[in-house]
Amino acid sequence: MTVNSGRPDPRAATRLRELGMSLGFAGALRAAVRLHVPDAIGDKPCTAEELAPRIGAHAGTLERLLRALSVHGVLEELDERRFGHTELSRLLREDEPGGMRFIVLWATAPWTWEAWPRLEEAVRTGENVFEPLYGRDFFGYLAEDDPEAAQTFDRAMTQSSRITSAPVADALDLTGVAGVVDIGGGQGHLLRTLMERHPAVHGTLFDLPTVVPGALEGLRELERAGRCTITGGDCRETLPDGLDLYIFKNVLEWDDESTLAALRNVVTHGGPGARVSLVQNLIEDSSEIKVTTAMDLFLLLNVGGKKHTAAGLAALFDRAGLRFDGYRPVPGTSLHVVEGGVPRPGEERA
């Protein structure tokens, strides 16, 4: 029989203190990125006294920040109070290919500090807290009230696309596809990669009218050559007509009604035989479940959205009038490809 001594396991107590103070580490990470600490350190380890003049910081307090980063593996504390790079800190440099500087800045954006304390309210109501907090919906706020956060969001999405476009393009099945549309595709990194791999395919980049002017010049060249179309719109309201494959990458994570509106537009505008591929994290089989579950709550706070299970998406496909064909992982990433299509007359949806 195990006797409860009334004293907590020290390891459990320490872990809970760490979790309770995790907001402090998120703040430390944000401060380091905004101060350009990873860029200023360079390849040679240095002391806080050497680093402080490079970034305009107070040496004593900078050393405290560097130490807080090092205990989490972001920087390494060496002898003689010197600090050097780790694999994590290098990913925060602006010149690092595949870097994550803007992804970190987005996850710690100022509005998030106001939203997270309202998670209890969101859990009680099942509704987002963003609109009551800021007086407008999330994307309206970014567009009209916080251009810095909007720019950070755009650059974070671009960084994410650069990291995943190649493996996603390898994982997508374009057999028999003459026309493909990347919905919510941002600058078009994934679409450009697909078109490089499939020269006979015509591509369409579809995103909000405020977003598509930032399309990659490479896509503009393909548009001028007649191989690509770049067009603006809201996928909850309309989609390009008559294409073979409709791709949503990290898009359909809103409230269910918004997701259903977009999926029903595939049925309406794609027509019988059109295919749909969702590229996104799933709760099951997630290779980074701590990030996925935290992002699930993050989506609840800002748009009333969610990370999906495969069963949940299958149910949404059915409600939208789509056939659900299953899902599979994208090798080398935390993403999955979820596939389905618009049934032909007489074809079963399941």
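Arg236 is placed over the face of Trp254, 5.0 Å from the ring centre. A charge is counted as over a ring if NZ of Lys or CZ of Arg is within 6 Å of the ring centre and within 35 degrees of the ring normal. Arg101 likewise lies over the face of Phe102, at 5.5 Å from the ring centre. The model is predicted, with local features needing pLDDT of at least 70 and side-chain atom pairs counting only at pLDDT 80 or more, while totals for chains, interfaces and linings use all residues. Residues are numbered from 1 along each chain as its sequence is written, and side-chain values use heavy atoms, with hydrogens and water left out.

Across the whole structure, the search gives 14 aromatic pairs. Rings of Phe, Tyr and Trp (its six-membered ring) pair if their centres lie within 6.5 Å; planes under 30 degrees apart count as stacked, over 60 as edge-to-face and the rest as tilted. The pair of Phe130 and Phe138 is edge-to-face because the planes stand at 85 degrees, with the ring centres 5.1 Å apart. Phe130 also forms an edge-to-face pair with Tyr141, at 5.2 Å centre to centre and 75 degrees between the planes. This second pair links distant parts of the chain, 11 residues apart: Phe130 belongs to helix α10 (residues 130-134) and Tyr141 to helix α11 (residues 138-144). Helices are DSSP runs (H or I, at least four residues), numbered from the N terminus.

Phe130 and Phe138 are both buried, a term for under 20% relative accessible area (1.4 Å probe, protein chains only). The relative accessible area is 1% for Phe130 and 10% for Tyr141, which is buried as well. Ring pairs join Phe130, Phe138 and Tyr141 into a cluster that also includes Trp106, Trp111, Trp116, Tyr134, Phe139, Phe153 and Phe298.

Notes:
Buried means under 20% relative accessible area, exposed over 50%, partly exposed in between (1.4 Å probe, protein chains only). Helices (H or I, at least four residues) and strands (E, at least two) are DSSP runs, numbered from the N terminus.
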